[in-house]
Amino acid sequence: MVGNGIRSRRQKLVEGMERSLSDLLHERMDRSFRADHGSRRPPDNTSALYIWAAGQAPAMLDQLYHIHLEGLQERGEIPRKEYQVPSSEADRKRMLSAVRACVSRTRR
């Protein structure tokens, strides 16, 4: 990737996919939480999102992790050969936190 601030089409696509999946995960959690708890808003923290997603949408969580890894690779932050979705719960929570931070940065 070019270091002068120009992002590749692929990087923009990956960032858009990451935002879309993250938004979808948040929206599904919101709908589920409101169905169970009335009009209360769901908690907006990584731990609550992770607990909900691990139980209700584990495949979507894995997709989000894969897309996040693609984004890291596209930005040159990790080598192409390192393509492992974390397996421990602590590592998965850390990655979800990194996804949320990355999505937040790309919205600016």
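Guide: Happy to! A salt bridge here is a side-chain nitrogen of Lys or Arg within 4 Å of a carboxyl oxygen of Asp or Glu. Please keep in mind that this is a predicted model. A search of the whole structure turns up 8 salt bridges.

Let's begin with arginine 10 and glutamate 74, which form a salt bridge whose closest N and O atoms are 2.8 Å apart. Arginine 10 belongs to helix α1 (residues 9-37) and glutamate 74 to helix α3 (residues 58-74), so this pair ties together parts that lie 64 residues apart in sequence. How exposed is each partner? Arginine 10 has 41% relative accessibility and therefore counts as partly exposed, whereas glutamate 74, at 12%, counts as buried. Salt bridges that share partners also join Arg10, Glu70 and Glu74 into one network.

A second pair also reaches α3. The side chains of arginine 92 and aspartate 62 meet in a salt bridge, 2.8 Å from N to O. This pair links distant parts of the chain, with arginine 92 in helix α4 and aspartate 62 in helix α3, 30 residues apart. Arginine 92 counts as buried because its relative accessibility is 13%, while aspartate 62, with a relative accessible area of 28%, is partly exposed.

Now for α3 itself. This helix has 17 residues and reaches 24 Å from its first C-alpha to its last, close to the 24 Å expected at 1.5 Å a residue. Of the 17 residues of α3, 12 are buried, so the helix is largely enclosed by the rest of the structure.

One more pair is worth a look. Aspartate 44 and arginine 100 bring their side chains together in a salt bridge of 2.7 Å, N to O. Aspartate 44 sits in the loop between α1 and α2 (46-56) and arginine 100 in helix α4 (residues 89-106), so the pair ties together parts 56 residues apart in sequence. Aspartate 44 counts as exposed because its relative accessibility is 59%, while arginine 100 counts as buried at 19%.

Notes. Residues numbered from 1 in each chain as written. Predicted model: local features only at pLDDT ≥ 70, side-chain atom pairs only at ≥ 80, totals over all residues. Heavy atoms only, no water. Helix = DSSP H or I, 4+ residues; strand = E, 2+ residues; numbered from the N terminus. Buried < 20%, exposed > 50% of the residue type's maximum accessible area, 1.4 Å probe, protein only. Expected span 1.5 Å × (residues − 1).
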